[in-house]
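My notes follow in the order I worked.

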Amino acid sequence: MVKTLKRSACLFCSLGCGLMFRTQGAEVVALDYDKENPVNNGSLCPRGHYNIELINHPQRLVHPQIKQKPVSWDEALLEVKRGLTSGEAQIAVSCLMSNEDAYCAAKLAQSLGHKNIWAAGAAADLEAYQGLKYEVPGAKTATLEDIGNAECLLIIGDILTRSPVLSKRINRVKYGKRGNRIIVIDPDTTHTSWFATEHLRIRPGMEALALAGLLKVLLNDKEKLHLSLDTVAEKVGLPTEKLLQAANSFSAAASGCIIFAPGADKKRNDLIQYFTRVLSTTSVNKKSITFYSYGNCLGVNIILDQMIGDRPTPAHPAENSRLGNAAADYFTSDSTELVEVSADVLLPLASHLEDKGSFMLADGRIESLDPIAPRVGGKSFREICLALTDLKVGGENEVLDVINRGVPQKKVDLAELLNQARLIEPLAASPREEITHFGDNQLVKNFFWYRVNNG
Amino acid sequence: MVSRVYLNLDLCCGCRSCAAACAYGHHLQSLLGHNKLGPTAEPPLHCLHCEQPACAAACPNEAMQKQADQTVQRSHFKCVGCLSCTVACPFGVIQPDLSKHITPKCDLCLDRMSKGEIPRCVSACTSGALSFAEVDEQVADEKKNLASVRILSNFIGRRR
């Protein structure tokens, strides 16, 4: 049998690294590194190595289940149809689904005649997405090249825990040119703050107010935030000079990039998202980019917004994130998570490696993936929707048209949102411990001491 | 000329993708040692494949042996799990797996090396901290470049 290499992409975060699979006949044998991919040049984070389990995990769901008993497809679909047509139905679309699947889900909701459809993913991601809707004239999304070529990076949150593959680009900024700055806003010492030239250690949860403080310096307008910079600095837990210095070094750099990692440890992710975009317009050649923790968070949300419009938000945000995690784990058929939500009917889905689909990633590029393996037993969401109702689904271009319309914008008042940031109270002290390169490890310390004294 | 894996601590972001790649390629058993510097800070410790390996000298059953291609390899069949090499290694690289009663040891990805590819940990490294280079070349680089003053394994490599 001849072994062939097939290219695909990892969707465990919205960076979208490339990777390869070694296939033998129809079987996927091994995972390999895609050195020619411009996104990651072959590197892969620990999570990325689990991509192969999307195909050949031993516990994958193969048959549809009703109340945890295997049934035939017809029986299960009939049950779903009955559930959908009787009374109020809510549809949750996982943020790991392809654009085509999300489009079909929106069509399904339209044909059922209600608007109870929402994207399920990490709650912080969805909150941050709301910030993209606030209109900022002149704001630009950075590409991945911009990050590597910037002279100043402003990083909010621990991006390297989410997408470690970015560290190559962050290193290129840090060691590239003398005078390059990396400003990290994070309450903890994290993997990201190791690389910081200026680490703003704020109180936990105060990221939004810290950014509002930076905006106050750069916009140079006393009316917009009814707080003096000193009060902001005191509330955030930083000396005023440090805020001033960070703002100045950011605006003075010839080119800059703001990287934001939404997280549950931050308050008001939408405000942070909005402020990063406003910050990028305050001086020339600055751009902003947000990395979500689910691959297709942008694409799914844009499709639902464009096709359904104003939707009721789910009643319980906690339920949202919990359901979202269950939906996101569909591919490995991690039944424990689904049993926890006590699903009546379980339908196995084809993973994105077994199905054709397009995905919209953090920098706005659209990645189209071809299937690399035959399906184990699942159907794609598209086929399930078509089996449920007679949908009229257009070609691929129709999905692209919807995506290209982009995030719907609404006008907001900057001053009002700045004052909302004022009301944020800090969280309790963060439980994370200090992380250092050397720490208490005597072995490494000895090496370093020896090198310095004898080198 | 022999090639070895080098770690630049300045670039390492501690994401442990090297360990994941290693485990992926070696039956879910990572062969890398790790410095436990904190809850999440664990830069990798690579086997240096010494010229006079202490682990091979300590091994009672000749399981650990210097090969003709200048690497130190552990025989799966001869190893009795006595942990002598763990104690003998001057760099603390060999860390025992107490559940399987063996001492996992880096083999420089023999299967990939035979095809002319670089080891898995270096391929997967997200930050460019790990490099696979010829031993003497790295030493020359280090003299020129002060930024690489913290290349730990480089310093060890020079004094072998």
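Predicted model: local features only at pLDDT ≥ 70, side-chain atom pairs only at ≥ 80, totals over all residues.

**Entry 1: α8(A) with α9(A)**

I started with α8(A) and helix α9 (residues 229-236) of chain A. Their axes come within 9 Å and cross at roughly 160 degrees. Angles over 145 count as roughly antiparallel. I therefore logged α8(A) and α9(A) as roughly antiparallel to each other. Their crossing is left-handed. Next I listed the residues that meet. From α8(A) I have Leu209(A), Ala210(A), Ala212(A), Gly213(A), Lys216(A) and Val217(A). From α9(A) I have Leu229(A), Val232(A), Ala233(A), Lys235(A) and Val236(A). By class, I recorded eight nonpolar, one polar and two charged residues in the contact of α8(A) with α9(A).

**Entry 2: α8(A) with α17(A)**

I then turned to helix α17 (residues 414-422) of chain A. It packs on α8 (residues 207-219) at an angle of about 135 degrees, and the two axes are 8 Å apart. α8(A) and α17(A) are therefore oblique to each other. This crossing of α8(A) and α17(A) is left-handed. On the α8(A) side, I found Ala208(A), Leu209(A), Ala212(A) and Leu215(A) in the contact. On the α17(A) side, Leu418(A), Ala421(A) and Arg422(A) take part. The contact of α8(A) with α17(A) holds six nonpolar residues, no polar ones and one charged.

**Entry 3: α8(A) itself**

I checked the length of the helix. α8(A) has 13 residues and spans 18 Å from its first C-alpha to its last, close to the 18 Å expected at 1.5 Å a residue. The buried set includes Glu207(A) and Lys216(A), along with Leu211(A) and Leu214(A). Just after α8(A), I saw that Asn220(A) takes a positive phi of about 55 degrees.

**Entry 4: α7(A)**

I moved on to helix α7 (residues 167-176) of chain A. I marked Ser167(A), Lys168(A), Arg169(A), Ile170(A), Asn171(A) and Val173(A) as buried. What do the buried residues of α7(A) pack against? I found α5 (144-149), β8 (152-156), α6 (159-162) and β9 (181-185) of chain A.

**Entry 5: Ser14(A)**

I located Ser14(A) in the loop between β1 (3-9) and β2 (18-24) of chain A. Is Ser14(A) buried or exposed? The cut-off for buried is 20 or more other C-beta atoms within 10 Å. Ser14(A) has 25 C-beta neighbours inside 10 Å, so I count it as buried. Leaving out residues up to four places away in sequence, Ser14(A) touches Phe291(A), Tyr292(A), Gly295(A), Cys297(A), Leu298(A), Leu361(A) and Ala362(A).

**Entry 6: chain B**

I closed with an overview of chain B. I found seven helices and six strands there. From the N terminus on, its elements run β-α-β-β-α-β-β-α-α-α-β-α-α. Of the 160 residues in chain B, 44% are buried. For contacts in chain B between residues at least 6 apart in sequence, I noted that 58% join residues at least 24 apart.

Definitions and conventions
Residues numbered from 1 in each chain as written. Chains lettered and ligands numbered in written order. Axes fitted to C-alpha atoms, helices over the stretch in contact; angles between N-to-C directions. Helix = DSSP H or I, 4+ residues; strand = E, 2+ residues; numbered from the N terminus. Parallel < 35°, antiparallel > 145°, perpendicular 65-115°, else oblique. Left-handed = near helix turned anticlockwise from the far one by under 90°. Contact = placed C-beta atoms within 7 Å. Nonpolar A, V, L, I, M, F, W, Y, C, P; charged D, E, K, R; others polar. Expected span 1.5 Å × (residues − 1). Buried ≥ 20, exposed ≤ 12 C-beta atoms within 10 Å, placed from the backbone.
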